[in-house]
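Please look through the sequence and the model shown here before reading on. The paragraphs after it are meant to be followed with the structure in view.

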Amino acid sequence: MTSTRFLTKTLIAPGLLSATLLGCGTITVQQNEYGDPVATADVPYVAVTQIVEHPALDAVRDGLQDKLKEEGYDEADSSLKWAWESAQGQASNAAQIAQKFVGDSPNVIVAIATPSAQAVVGNTDTIPVVFSAVTDPVAAELVPSLEASGGTVTGVSDLSPVDEHLALIADMVPGAKSVGVIYNAGESNSVSLVNVLNTEADEQGFTVEAATVSSSADVATAAESLVGKVDAIYIPTDNTVVSALESVIQVGNDNQLPVFAGDTDSVERGAIATASFDYYEVGRQTGDMVARILGGESPGDIPVELANTIDLAINLAAAEAMGVTVSDAIKDSANQVFE
């Protein structure tokens, strides 16, 4: 949103408004027909599109915004124009948001999660794009490789340490041989994760039972379909499923079926454990990239980064509710313990 401290507002072009702000000097702020800011030479404009609101992706956005503030780009003091929109989990909304933001011509578009990133990259090859929380940016056709691409796109990947997740399930559920996974087959990041899961499961002696969904409304039914078939449920960093995580937790509690997750926020919400990234720190990594681009670097000169901090998080109340005993060794090694 733009500042409301307007002295004047006059129509200067169809759908484009200009405003002079109070302050030590004057800053020209332009708005499009929606009332959103448009980049000017005076103040950089960052537009952020997010596929859905849930704690992990919200933490990315918070980390991004805080890092930009530290680097001197702050909407509060008019040193940054900022816009953010959620697609509410709908690919069609993500496409509309991408088209709108591209039309605004911001200095940088930040796309949080794979569907939003694909929508933006599919609509521009001139505006710098920084993606975040994208599992496999190469498979998603955002970049040709993780190396500096020479193009207009870079970002931060949150490829999950699936091997560690399976090892954690083996440690906490002795004798477990089968793992159920719920995912949206329409999300390329989720397909990539499940492919990794199948490979790692073979190596660690697990079988995998998959249940696919197309919307958050399908998640409860998918979870119920796994009851009696698997020894544990694994929830990857799938935006559709994570947005409806509580329905999976309820099935786990009702059936003493352990639920593990791919992100820390899901553990706080009721999954038993994960070895995961701090998504706020992922956002800060993303913010560092954006600040570098605002400072004059080309996104094509910045390699894709992997999220770089992995912590063990456990939820003792969730473990008890699902019939899992947490050893002292696991408790002592945890970075975060939720009661």
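Predicted model: local features only at pLDDT ≥ 70, side-chain atom pairs only at ≥ 80, totals over all residues.

Residues are numbered from 1 along each chain as its sequence is written, and side-chain values use heavy atoms, with hydrogens and water left out.

The chain holds 12 helices and 17 strands, where helices (H or I, at least four residues) and strands (E, at least two) are DSSP runs numbered from the N terminus. Of its 339 residues, 54% are buried, a word that stands for under 20% relative accessible area, with exposed meaning over 50% and partly exposed lying in between (1.4 Å probe, protein chains only). The chain exposes about 13800 Å², and carbon and sulfur atoms supply 47% of that area; accessible areas come from the Shrake-Rupley method with a 1.4 Å probe, and for residues only the protein chains shown count as cover. Among the contacts in the chain with a separation of 6 or more, 67% are between residues 24 or more positions apart, a contact being heavy atoms within 4.5 Å.

The sheets can be taken in turn. Four strands form an open sheet in the order S11-S10-S12-S13, with parallel pairing; two strands pair if DSSP finds at least two bridges between them. Strand S11 (207-213) and strand S13 (259-261) stand at the edges with a single partner strand each, so one side of each has no neighbour in the sheet. Neighbouring strands of this sheet are turned by 25 degrees against each other on average, direction ignored; here axes are lines fitted to C-alpha atoms, for helices over the stretch in contact, and angles run from 0 to 180 degrees between N-to-C directions. Within this sheet, strand S10 (residues 178-184) pairs with strand S12 (residues 232-235) in the parallel sense over three bridges, and Val181 stands opposite Tyr234 in S12.

A further open sheet has three strands in the order S14-S16-S17, and its pairing is mixed. Its edges are strand S14 (273-277) and strand S17 (336-338), each of which has a single partner strand, so that one side of each is left without a neighbour in the sheet. From one strand to the next, the twist averages 25 degrees. S14 and strand S16 (residues 310-315) run antiparallel and are joined by five bridges, with Ile314 in S16 as the bridge partner of Ala273. Helix H4 (residues 162-172) lies across S14 and S16, and runs at about 160 degrees to S14.

Another pairing to find in the model is that of strand S7 (residues 108-112) with S8, which is parallel and spans four bridges; in it, Ala111 stands opposite Phe131 in S8. S8 is mostly covered, as six of its six residues are buried.

Side chains of opposite charge can pair when their charged atoms come close. A search of the whole structure finds six salt bridges, each being a side-chain nitrogen of Lys or Arg within 4 Å of a carboxyl oxygen of Asp or Glu. One of them joins Arg61 and Asp58 at 3.2 Å, N to O, and because these two residues are three apart in helix H1 (residues 55-70), about one helical turn separates them. Arg61 counts as buried because its relative accessibility is 15%, and Asp58 is buried too, with a relative accessible area of 19%.

Another salt bridge brings together the side chains of Glu85 and Lys100 (2.9 Å, N to O). This pair links distant parts of the chain, with Glu85 in strand S6 (residues 81-86) and Lys100 in helix H2 (residues 91-104), 15 residues apart. Glu85 counts as partly exposed at 25% relative accessibility, whereas Lys100, at 14%, counts as buried. Glu297 also forms a salt bridge, with Arg292, and their closest N and O atoms are 3.0 Å apart. Glu297 is partly exposed at 35% relative accessibility, and Arg292 is partly exposed with a relative accessible area of 27%.

Leu146 lies in the loop between strand S8 (129-134) and strand S9 (153-157), and its relative accessibility of 34% is why Leu146 counts as partly exposed.
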